[in-house]
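Notebook open, model loaded. I want to go from one residue out to the surfaces around it.

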Amino acid sequence: MLFNSLHFFAFFIIVTAIYYLLPYKLRWILLLAASCYFYMAFVPVYILILGFTIVVDYIAGLCIENAQQKKRKLFLICSLFANIGVLAVFKYYNFANENLSSLLHYFGVNNPVPFLSILLPIGLSFHTFQAMSYTIEVYRGNQKAERHFGIYALYVMFYPQLVAGPIERPQNLLHQFREKHLLQYNNFAEGLKLMIWGLFKKIVIADRLSIYVNTVYNNADQHNGTTLIVATLFFSVQIYCDFSGYSDIAIGAARVMGFKLMSNFKRPYFSKSISEFWQRWHISLSTWFKDYLYFPLGGNKVSIKRWCFNILVVFIISGFWHGANWTFILWGAINGFYLLFARFTQNIRTKLTSLTGLSRLPKINLFIQVVITWLLTCFAWIFFRANSTKDAFEIVKKIFSTGGAVFTEGSSVMVFSCAGVLFLFLVEFKRHYYNGLFSLSNNTNRLIPKFYYCLLVIMILLVGVADGGQFIYFQF
Amino acid sequence: MIKKINSRTGKVLAYCFVQLALFVAIVVLIDFGIGNLLQHFYFTMKRGTQYRTTYAIEKTTADIIIFGSSRAVHQYDPLIFEERLKLSCYNAGRDGEESTLYHYAVLKGITKRYTPKIVILDLMNGELGNQLYSYDRLASLSPYYHTHPELRSIIDLRSKHETLRKISSIYPFNSLIISIFTNNLNARKEKNPDIQGYLPIQSTKIITKALSTYDKTEQYDLDSIKISVLKLFIGECNQKKIKLFIICSPYYEKETGTDYSIVNIEKIAASKNIDFFNFGQDSFYLKRPELFCDVLHLNKNGATIFSNTVAEKIMLADKSRTTLQH
């Protein structure tokens with residue numbers, strides 16, 4: 001069930017209405033049943049995989065809490081093994097086998113290992129990581145093991161964030177299922193506002209840009225460098241609107257029912273550096289890797305060589321988390337290299353800023369930093385979006401070697417795309433730099449926000465892409 | 001205590017409901033206002049693709065109507081058909097409409113008003129295949145949903161929620177605002193004005209790579225709805241005694257075998273006693289860049305020759321039919 005479908009619209013209204021009508025002790029049953037229905041609307045049988053990890057991690061949590069030190073670790077390892085095992089089979093098996101085939105083929109040997117004909121379960125990486133964070137936190141003693149199986153199952157399956165996050169931590173979410181959420185106008189209104197803004201970003205901006213981006217990237221060999229640059233810049237906005245749009249709808253839907261999910265994006269394209277970008281982009285995943293991989297590896301409190309290793313490992317695994325393809329691994333590696341490069345050139349860049357006089361022009365300096373950071377992330381997005389590594393390198397080569405006129409996929413596609421990007425830029429710019437100023441979305445005069453959000457709904461009807469399809473991050 | 005909570009919840013609920021109702025009311029009002037404005041200006045357009053569809057559905061009274069995708073729009077010159085067959089002609093083809101679904105809807109719109117004498121339906125490779133975008137493209141008929149009820153059954157095929165979506169007055173005109181605006185402005189002249197629906201392409205194909213030969217022997221899955229609609233199209237013509245000619249126009253590149261859709265179209269046409277002319281691999285056109293603007297479309301020179309050939313074929317078929325009847 002897609003958030004941008006009428007099916008979800010009806011589902012959300014019915015579930016929310018019943019939620020507030022039910023006594024609060026029964027609400028978890030409704031939410032669990034609704035979440036099962038939501039997940040089964042994609043491929044029903046895959047709920048069994050979800051059920052498997054839920055049972056394993058529920059038992060593991062209890063065992064970890066009750067066991068002595070050595071056995072605690074053993075139970076944690078069992079839980080992690082089960083979760084990563086599910087990921088390995090359903091997400092990475094065919095990729096590994098494909099690479100094995102290529103390797104064996106190089107030596108003239110046929111690969112005897114069969115391929116699995118399976119579809120990747122929707123949102124597998126998201127709910128697996130959320131489940132893993134539970135057992136790790138129980139192991140670390142930061143979270144008590146949940147004894148109520150239904151509540152624990154709901155923690156993994158809570159429908160707003162089940163298939164594409166935000167990847168929650170048990171400390172933030174679990175206790176909320178036991179709290180009594182009274183209907184509050186503020187939650188109700190803010191939740192709906194977030195949902196409308198998320199839908200606007202997805203349907204009006206992301207899906208419109210995807211028409212151009214898909215046309216160019218799926219026929220990259222037929223387009224010149226200029227067109228590929230435009231498509232890449234568009235893709236950077238498309239993926240932001242697509243994913244942050246999803247997160248906004250998820251957070252908004254939960255908020256209407258009184259739940260507070262962590263925010264996932266904080267205007268990442270206004271970051272002044274790549275490290276800041278990663279504090280603003282997909283925050284729930286970045287902090288997951290930081291807490292459960294980067295810090296256990298030693299973080300930055302190690303030798304410089306070891307730190308470089310830690311950064312590269314985290315970013316390559318982060319890339320691999322996104323998808324079983326070398327393009328994602330390269331994307332992760334590029335981002336890791338950016339961070340290393342930033343660290344090693346910090347002094348030179350500071351000197352250069354001072355020498356050129358930019359340090360005395362903070363606004364221009366800020367502008368340059370933001371633009372460079374955005375362009376660097378755009379370069380990395382080429383590898384994320386390209387259909388293969390070969391395509392990605394061809395695109396990079398073309399971008400730096402050929403020019404020419406920009407391909408326009410029908411004038412209306414270009415006009416709507418550019419108008420959408422401009423609108424988004426103005427809204428985000430205002431929120432980022434002038435948040436205290438007059439606001440249309442949060443004005444004290446209640447009629448103004450109403451008209452503003454009405455306008456967004458009208459824009460969705462007027463220029464939204466009605467059959468835009470699923471969210472990019474669903475495939476992860 | 002419980003009473004207090006209940007009365008508080010009740011108040012909040014009522015407040016939320018009132019605010020939401022107010023919000024929905026504003027949306028409905030704006031939607032109604034803008035939707036009606038868009039509808040008015042949609043039907044006052046004087047040029048452009050949408051105007052040509054409106055003209056075909058609402059105004060044309062031509063004896064010969066040509067249906068098809070871009071391969072109809074750019075390849076059938078109505079003036080040639082008029083001259084050769086001594087009947088008026090309009091090209092109702094539309095770029096991107098590669099399925100009979102659209103053509104059948106437009107035909108229904110036309111036959112509701114009058115009965116043309118001849119219908120030419122240009123179909124292409126893959127016509128009956130399972131492409132979901134064929135249904136998405138029915139969006140081009142959405143503006144006629146409320147004004148032309150006879151088209152609804154086809155437009156509803158787009159999705160199971162289509163009826164719900166059409167509650168909005170704006171939605172049928174989704175993404176059309178620029179076309180509606182520009183095609184209502186008299187100041188801007190159309191770059192390539194149509195000739196009774198026909199849009200000739202002047203350019204000549206530039207050969208950039210070696211010629212390929214495409215294997216068309218694969219038997220892919222066919223869309224049962226598209227097959228049914230094609231049969232309905234034929235049925236409508238038979239019922240109204242319209243002479244129907246189904247044509248596959250020329251391709252530039254060589255193919256081995258015949259496309260599976262074309263094979264099936266030929267079978268359906270034969271079973272319904274309809275003339276089917278397959279020029280897809282006609283040796284006269286194959287590999288002649290001077291007649292094409294790209295691999296799928298004839299240029300103006302090619303279209304002139306092709307239109308004459310089709311007119312000739314229709315005349316011959318008509319004669320033989322008349323002879324048979326006598």
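Is S175(B) buried or exposed? I looked it up, bearing in mind that this is a predicted model. S175(B) comes out as buried, because its relative accessible area is 18% and the cut-off for buried is under 20%.

**Entry 1: around S175(B)**

I placed the residue next. S175(B) sits in a loop of chain B, between α8 (162-165) and α9 (177-182). Its side chain makes a polar contact of 2.8 Å with the side chain of N174(B).

**Entry 2: chain A against chain B**

I counted 27 residues of chain A in contact with 30 residues of chain B. The two chains bury about 2600 Å² between them, and carbon and sulfur atoms give 74% of that. On the chain A side, I noted L183(A), L461(A) and L462(A), which supply 24% of the area chain A buries against chain B, more than any other three residues.

I then asked which helices chain A uses here. α1 (6-21), α8 (185-217), α17 (411-433) and α18 (447-463) of chain A each supply at least two residues of the side that touches chain B. The largest share, 10 residues, comes from α18(A). By type, I sorted the chain A side into 19 nonpolar, four polar and four charged residues.

Polar contacts do turn up: five residue pairs, both partners at pLDDT 80 or more.

**Entry 3: inside chain B**

Chain B splits into domain 1 (1-34) and domain 2 (43-325). I took their centres over C-alpha atoms and got a separation of 50 Å. How many residues of each domain are in contact with the other? I found four from domain 1 and four from domain 2.

The two domains of chain B bury about 280 Å² between them, 54% of it on carbon and sulfur atoms. In domain 1, D31(B), F32(B) and I34(B) lose the most area to domain 2, together 99% of what that side buries. The domain 1 side that touches domain 2 divides into three nonpolar residues, no polar ones and one charged.

Note on methods
Residues are numbered from 1 along each chain as its sequence is written. Chains are lettered from A and ligands numbered from 1 in the order in which they are written. This is a predicted model: local features need pLDDT of at least 70, side-chain atom pairs count only at pLDDT 80 or more; totals for chains, interfaces and linings use all residues. Side-chain values use heavy atoms; hydrogens and water are left out. Contact means heavy atoms within 4.5 Å. Buried area is the accessible area (1.4 Å probe) that two parts lose on being put together, summed over both. A polar contact is a pair of N or O atoms within 3.5 Å; within protein, one must be able to donate a hydrogen and the other to accept it, and residues adjacent in sequence count only if both atoms are side-chain atoms. Helices (H or I, at least four residues) and strands (E, at least two) are DSSP runs, numbered from the N terminus. Ala, Val, Leu, Ile, Met, Phe, Trp, Tyr, Cys and Pro count as nonpolar, Asp, Glu, Lys and Arg as charged, and the others, Gly among them, as polar. Buried means under 20% relative accessible area, exposed over 50%, partly exposed in between (1.4 Å probe, protein chains only). Domain bounds come from an automatic or database domain assignment.
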